[in-house]
2 protein chains.
Amino acid sequence: MTYRDAMNGRVRREDRRGEIVRAALEVIAERGYRGASMAAVAERVGLTQQGLLHHFPTKEALLVAVLEERDQWDAVPDTPWRVDLLAALVEYNATRPGIVQTFSALLGESVTEGHPARGYFTERYTRVRQTMTAALRAAYGDRLPGGLTPERAAPLMVAVMDGLQYQWLLDPEAVDMPAAFRDLLRLLGEDVTATG
Amino acid sequence: MTYRDAMNGRVRREDRRGEIVRAALEVIAERGYRGASMAAVAERVGLTQQGLLHHFPTKEALLVAVLEERDQWDAVPDTPWRVDLLAALVEYNATRPGIVQTFSALLGESVTEGHPARGYFTERYTRVRQTMTAALRAAYGDRLPGGLTPERAAPLMVAVMDGLQYQWLLDPEAVDMPAAFRDLLRLLGEDVTATG
């Protein structure tokens with residue numbers, strides 16, 4: 001095998017992994033993780049189950065890849081959060097119901113007993129609350145204009161983002177997710193320039 | 001059969017139905033609705049599957065009973081909502097992680113394709129937002145002290161209640177759900193007397 005062959009093979013393998021992860025995102029959005037089968041994912045990318053197992057030996061390994069993929073969509077790694085970028089993130093989320101549906105279905109399942117995504121979500125929320133707290137403190141010091149400390153504002157911001165996603169997925173016409181999130185930012189005391 | 005026999009039979013049937021619904025609440029909290037089996041529910045109440053089917057002919061019929069049970073825990077029927085009672089409801093929820101877990105798992109699943117609880121949650125949120133809007137208008141008129149209209153405050157209140165439940169179920173030590181909800185009420189402009 002030449003160097004070029006080896007590199008081409010690697011690129012094809014990475015492409016194929018990406019395809020599989022995207023198919024798994026779809027299947028989980030449709031059926032949840034517990035309802036998703038490796039067979040359904042394999043069928044969607046035109047692989048045999050054996051072929052799929054070559055890339056992801058277990059359903060849990062595929063879940064890990066899905067969650068890693070999800071994290072990449074959120075933010076540029078190693079960039080500190082900025083409060084004013086959160087409204088833009090919510091705006092962006094409102095353009096991709098598929099990924100929001102996958103995430104919301106997984107979050108819901110994660111609270112059931114022994115769910116393989118439970119550790120991921122628990123750690124993720126700890127980290128997100130800490131990072132938001134730091135971003136709020138950098139912007140406002142020890143108290144936001146609305147009166148809350150950064151520690152108390154952070155879980156509210158996370159809760160509103162998650163909670164709005166359920167209302168919006170169930171009834172997109174009834175809930176303007178970005179406008180509602182900007183409403184919260186204004187209550188907290190952020191100077192939100194976008195109209196809404 | 002005497003009248004007394006007939007009444008006793010009816011009471012026993014109602015008791016048994018209540019037992020089955022409570023068992024189903026537990027099984028759904030543990031495994032989600034898609035992961036729950038009629039066999040697991042039957043086993044938990046010491047019935048054969050045939051015996052369970054006598055009370056609930058399908059898994060969906062049992063789900064309907066679970067959702068009706070859940071609604072009863074929320075509020076006294078036909079009583080208008082009062083804003084100041086919502087903080088008490090969140091406080092009460094923090095004492096019953098089991099029912100909160102069942103509800104949160106079902107809400108998460110409801111956004112997946114063709115889920116039998118989707119209609120229930122969609123209608124429930126429409127109704128809850130309307131009822132909260134009316135309660136806020138009755139208390140504050142067309143604008144809350146924090147600046148929002150009742151229509152814009154209502155989805156935020158619902159989102160915070162739901163979103164906090166996930167953070168709290170995943171990490172009860174890290175999130176003080178009633179205190180965080182009171183923080184939101186204060187931002188909205190409610191005079192919240194409880195300390196927190």
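Trainee: Is A:Arg182 buried or exposed?

Mentor: One compares the relative accessible area with cut-offs: buried means under 20%, exposed over 50%, and partly exposed in between, with a 1.4 Å probe and protein chains only. A:Arg182 has 6% relative accessibility, so this residue counts as buried. Please note that this is a predicted model, in which local features need pLDDT of at least 70 and side-chain atom pairs count only at pLDDT 80 or more, whereas totals for chains, interfaces and linings use all residues. Residues are numbered from 1 along each chain as its sequence is written, chains are lettered from A and ligands numbered from 1 in the order in which they are written, and side-chain values use heavy atoms, leaving out hydrogens and water.

Trainee: With which residue does A:Arg182 form a salt bridge?

Mentor: A salt bridge is a side-chain nitrogen of Lys or Arg within 4 Å of a carboxyl oxygen of Asp or Glu. Here the partner is A:Glu91, and the closest N and O atoms are 3.3 Å apart. The two lie in distant parts of the chain, 91 residues apart: A:Glu91 in helix α5 (residues 83–93) and A:Arg182 in helix α9 (residues 177–188), both of chain A. Such helices are DSSP runs (H or I, at least four residues; strands are E, at least two), numbered from the N terminus. A:Glu91, at 39% relative accessibility, counts as partly exposed.

Trainee: How many salt bridges are there over all chains?

Mentor: The count is 18. In chain A, a network of salt bridges links A:Glu26, A:Glu30 and A:Arg44. In chain B, B:Arg137 pairs with B:Asp142 at 2.8 Å between the closest N and O atoms. B:Arg137 also meets B:Glu151 in a salt bridge, 2.9 Å from N to O. This second pair joins helix α7 (residues 118–140) to helix α8 (residues 150–170) of chain B. B:Asp142 is exposed, with a relative accessible area of 54%, while B:Arg137 is partly exposed at 31%.

Trainee: At what angle do the axes of α6(B) and α7(B) cross?

Mentor: Axes are lines fitted to C-alpha atoms, for helices over the stretch in contact, and angles run from 0 to 180 degrees between N-to-C directions. Angles under 35 degrees count as roughly parallel, over 145 as roughly antiparallel, 65 to 115 as roughly perpendicular and the rest as oblique. The axes of helix α6 (residues 97–110) of chain B and α7(B) come within 9 Å and cross at roughly 105°. The two helices are therefore roughly perpendicular to each other.
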